[in-house]
Amino acid sequence: MHHGIKKLLLLGAGHAHVEVLARLAQGRPGNLDVTVLTPYPHQTYSGMTPGFVAGHYSEDDCRIALEPLMRAAGARWVQGRCNGIDAEQRLVAVQPSGGAQGAPASLTYDLLSIDTGAVLDRARLEAGMPGAATHALPIRPIEAFTTFWPQVMELAQARAVSLAVVGAGAGGIELVFAAEQAIRLNGHAGARFTLITGGPEVATGYAPGVQRRVLRQLKRRGITVLREACTGVSEGELRLANGARLACDVPLLAIGTHAPAWLHDSGLALSEEGHVQVNKFLQSTSHANVFAAGDVANRSDQIHPRSGVYAVRAGPPLAHNLLAAHENQPLKAHHPPRHSLNLLSCGTRHAIASYGPLHLEGAWVWWWKDRIDQGFMARYRR
Ligand SMILES: Cc1cc2nc3c(=O)[nH]c(=O)nc-3n(C[C@H](O)[C@H](O)[C@H](O)COP(=O)(O)OP(=O)(O)OC[C@H]3O[C@@H](n4cnc5c(N)ncnc54)[C@H](O)[C@@H]3O)c2cc1C
């Protein structure tokens with residue numbers, strides 16, 4: 001390292017890091033050397049993924065091209081995944097991806113920022129739902145899901161399929177609506193759709209009025225709701241906790257995610273569930289030169305949901321604090337909102353909006369969501 005030059009390493013190109021890159025593109029300190037370690041040349045925006053499934057958007061519409069953004073920020077791209085951090089040695093282990101040649105085995109840093117999202121841990125998934133890792137298609141990583149989706153459509157065009165989505169949170173609800181829309185319009189007639197909640201009502205955590213609206217839309221589209229846990233998956237079949245078996249050609253998983261296993265031995269302070277513990281400055285509570293945001297992080301001082309909305313909101317303060325930390329300037333506290341606007345798309349160009357106890361729905365809500373999503377994408381297109 002040259003005298004006075006500091007290395008900033010960004011892990012992942014999630015919602016907060018694209019904002020950090022955009023901020024660096026406006027002006028990067030000459031003595032800051034920036035590297036991004038991330039596996040794909042694009043960031044797939046989850047908010048528009050159900051719209052891709054429904055046929056409203058192309059794959060490209062849902063992608064932020066990272067290379068132009070990194071180039072504008074003067075950042076170097078290492079194509080790969082982090083698979084270990086040694087916070088004492090300031091070292092990140094690299095697993096190359098995408099057939100990348102010449103990726104280093106490890107990267108060093110002075111300042112580290114983590115925005116790699118949450119993962120579906122295959123070992124934990126398999127323990128809770130045997131067969132799922134082999135026979136089901138998980139929504140994460142989204143890049144893999146969007147690559148496989150055209151094959152689901154091919155099958156659905158060849159014959160009447162039975163499709164089930166396991167997980168009835170926002171992602172699962174949007175996914176089953178979107179799949180129903182796509183297959184009803186372009187698939188073989190007679191397809192069946194099921195949403196498996198795991199036990200509770202659909203859209204747990206939302207106001208009862210939102211749940212009623214979701215249930216009404218599900219009924220209108222002939223989507224069956226099963227309030228049971230899925231306990232296993234095999235070829236052509238799902239097993240449920242009540243002993244029932246459900247014939248299923250296309251099992252999709254939109255269940256809760258986990259913290260990445262590679263954080264365990266990092267030496268960073270972690271929450272009970274294994275997420276990076278951060279303070280109000282989005283700074284690790286154990287290592288002042290490490291920051292984290294999005295689904296991989298956990299605020300030690302307050303609880304808020306893990307969602308794209310919160311990851312996006314963390315972008316500007318994260319960008320500010322990384323530059324402030326580099327320049328030994330005071331950090332700014334990030335105050336996440338108590339409520340966030342949630343917009344659930346229902347497959348057709350119809351959506352349900354909720355904000356705390358308030359809720360509304362209609363075609364105009366879908367249009368509103370589309371404007372917000374397109375606006376987000378436009379900010380990062382170069
Ligand atoms: C179908 C679906 C729809 C959703 N819709 C909404 C919505 O409408 N509103 C909302 O608020 N939330 C929504 N969510 C939730 C939202 O997707 C997540 O909360 C959000 O993506 C978290 O953002 P993030 O920045 O933490 O990580 P991500 O967006 O997951 O980005 C992580 C980045 O890190 C990279 N990466 C991953 N692993 C590694 C590694 N080991 N090393 C280096 N890089 C890595 C990835 O390639 C990616 O670039 C939805 C989720 C799903 C599944």
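This is a predicted model: local features need pLDDT of at least 70, side-chain atom pairs count only at pLDDT 80 or more; totals for chains, interfaces and linings use all residues.
User: What should I know about the model first?
Analyst: Local features need pLDDT of at least 70, side-chain atom pairs count only at pLDDT 80 or more, and totals for chains, interfaces and linings use all residues. Residues are numbered from 1 along each chain as its sequence is written, and side-chain values use heavy atoms, without hydrogens and water.

User: Why are helix 1 and helix 3 called oblique to each other?
Analyst: Helix 1 (residues 15–26) and helix 3 (residues 66–73) pack at about 40°. Under 35 degrees is roughly parallel, over 145 roughly antiparallel, 65 to 115 roughly perpendicular, and the rest oblique. Helix 1 and helix 3 are therefore oblique.

User: Why are helix 7 and helix 8 called roughly parallel?
Analyst: The axes of helix 7 (residues 170–186) and helix 8 (residues 208–220) cross at roughly 25°. Helix 7 and helix 8 are therefore roughly parallel.

User: Which residues of helix 7 and helix 8 meet?
Analyst: Ile173, Val176 and Phe177 in helix 7 meet Val214, Gln217 and Leu218 in helix 8. Contact means heavy atoms within 4.5 Å.

User: How far is a ligand oxygen atom from the side chain of Arg140?
Analyst: An oxygen atom of the ligand is 2.8 Å from an N or O atom in the Arg140 side chain.

Terms used:
Axes are lines fitted to C-alpha atoms, for helices over the stretch in contact, and angles run from 0 to 180 degrees between N-to-C directions. Helices (H or I, at least four residues) and strands (E, at least two) are DSSP runs, numbered from the N terminus. A polar contact is a pair of N or O atoms within 3.5 Å; within protein, one must be able to donate a hydrogen and the other to accept it, and residues adjacent in sequence count only if both atoms are side-chain atoms.
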